[in-house]
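Q: Could you take me through this structure with me? I'd like to start with the ligand and then look at the pockets and the backbone.

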Amino acid sequence: MKYPFISLKEINKPYEKELQEAADKVIASGWYLRGQSVDNFEKELADYCNVKNIIACSNGLDALRLILKAYISLGTMKPGDEVIVPGNTFIASVLAISDNGLIPVFAEPSEKTYNLDTDKLEKYITQRTKAIMVVHLYGAACWDEKLYNTAKKYNLKVIEDNAQAIAATADLAGFSGQHNTGALGDAAAFSFYPTKNLGALGDAGAVATNDCELAERVRALANYGSTKRYFNPFQGYNCRMDEVQAAMLSVKLKHLDSITRQRRERAAIYEAEITNPLVGKPLFREGNVWHQYVVTVSDRNKFRAYLESKGVETDLHYPTPPHMQPCYNGYAHEELPITESLAERVVSLPITEGTPLEHFHEIAQIINEYNG
Ligand SMILES: *Cc1c(COP(=O)(O)O)cnc(C)c1O
């Protein structure tokens, strides 16, 4: 028996006909950039996420870069300012910060949530701190009153790296604001990389914000810094989403609630049936969209080899934290024991929608038979 970690072909199979028709329409239209498909997708995603502005763009890294670049362009931040970012994130979160001449300040996650430990946040704040980049890691919202109040107290922007958590919600009893990721902070970045919960058939991303001035600047910066044709008040980039990807994403956005439901159903099987004391399960929260289902084990290599021998493919998110990557060697001596310990113990199990439910009962059984 084989339990693949992910199969993009299986994920997209249910929508094949709809995707083909949508692609045909774009091809026949003769209009491939900055057209109706992108306009439509931006409106649909804005409705879905309860935000005023969506700017479709090239990918998730560019979405994050554009947000920070726009804040610099507006004078809210300047190169040399500090942005707090969790130590245990995908490297793109950090690249967006350093690419803008800003300084990433790595903060520790909580053992329990894998997300930023908001109780410890204040110790990372200095005179130069301008923003907190929260990463809704593995599909679980990183948001609580502590974070909200700390950001307010020090007048910091909250930027959400929402690459993994579209459709997730924060469970905040008594909090009156928005509860869905992408609408929690001042601006949010989405990725539609093919393996993400809402996956395109190539690279794509988006910026979400209720700040209309920021939105306008992001939109200009993503299009050569131009506000109207051949008029360039800013030095920008080319970070546009193309019409074909926008059309693919409109098709899949209609199915996102079903995709989320299916992933939750699969995570619930693991939650109910994995009982092996050697395997640490992730915190089970209602609003999680389970981009990854990540367990922790002490002898990871042995555990993975055992699963592989039973046909269960696993992956690692992520084996090396950004501060230990060669490109950030200046940070190698940071004290991030929780980040480093998680990096040594995490194992991602198969979780994708479309896979038969029996697989998940069987994988749970296989895991329970592991005896170290
Ligand atoms: C995927 C991802 C990104 C980058 O998105 P791309 O579209 O691949 O550029 C950024 N941050 C996190 C947490 C991600 O998972």
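Predicted model: local features only at pLDDT ≥ 70, side-chain atom pairs only at ≥ 80, totals over all residues.

Q: OK, which residues are closest to the ligand, and how many surround it?
A: The ligand is surrounded by 13 residues, and the closest of them are Gly60, Asp161, Gln164, Ser191 and Lys196.

Q: And what's the make-up of that shell by class?
A: Seven residues of the shell around the ligand are nonpolar, four are polar and two are charged.

Q: Which atom of aspartate 161 is involved, side-chain or backbone?
A: For aspartate 161 a polar side-chain atom is involved, and this atom lies 2.7 Å from a nitrogen atom of the ligand.

Q: What about glycine 60 and leucine 61, where do their backbone atoms lie relative to the ligand?
A: In glycine 60 a backbone N or O atom lies 2.7 Å from an oxygen atom of the ligand, and in leucine 61 a polar backbone atom is 2.9 Å from an oxygen atom of the ligand.

Q: How much of the ligand's accessible area does the protein cover?
A: On its own the ligand has 380 Å² of accessible area, of which the protein covers 91%.

Q: Which pocket does the ligand sit in?
A: The ligand sits in the largest pocket, which holds about 580 Å³ of space.

Q: What lines the largest pocket?
A: The lining of the largest pocket consists of 35 residues, and those nearest its centre are Phe90, Tyr193, Thr195, Lys196 and Tyr318. The elements that contribute two or more residues to this lining are α4 (60-73), α5 (91-99) and β6 (187-191). By class, the lining of the largest pocket has 18 nonpolar, twelve polar and five charged residues.

Q: On to the backbone, where is the cis peptide bond?
A: The cis peptide bond joins histidine 317 and tyrosine 318, with an omega of about 5 degrees. Tyrosine 318 lies in the loop between α10 (300-309) and α11 (337-345), and Tyr318 is also among the lining residues nearest the centre of the largest pocket.

Q: What's the phi of tyrosine 114, and which loop is that residue in?
A: Tyrosine 114 has a positive phi of about 65 degrees, although it is not a glycine, and this residue lies in the loop between β3 (103-107) and β4 (129-135).

Methods
Residues numbered from 1 in each chain as written. Heavy atoms only, no water. Near = heavy atom within 4 Å. Polar contact = N/O pair within 3.5 Å; in protein donor to acceptor, adjacent residues only side chain to side chain. Areas by Shrake-Rupley, 256 points an atom, 1.4 Å probe, with all protein chains shown as cover. 1 Å grid on protein atoms, 1.4 Å probe; cavity = no way out; pocket = protein on both sides within 12 Å on 5 of 7 lines; lining within 4 Å. Sits in = over half its atoms within 2 Å of the grid points. Nonpolar A, V, L, I, M, F, W, Y, C, P; charged D, E, K, R; others polar. Points joined across faces, edges and corners; volume = space filled by probe spheres on them. Helix = DSSP H or I, 4+ residues; strand = E, 2+ residues; numbered from the N terminus.
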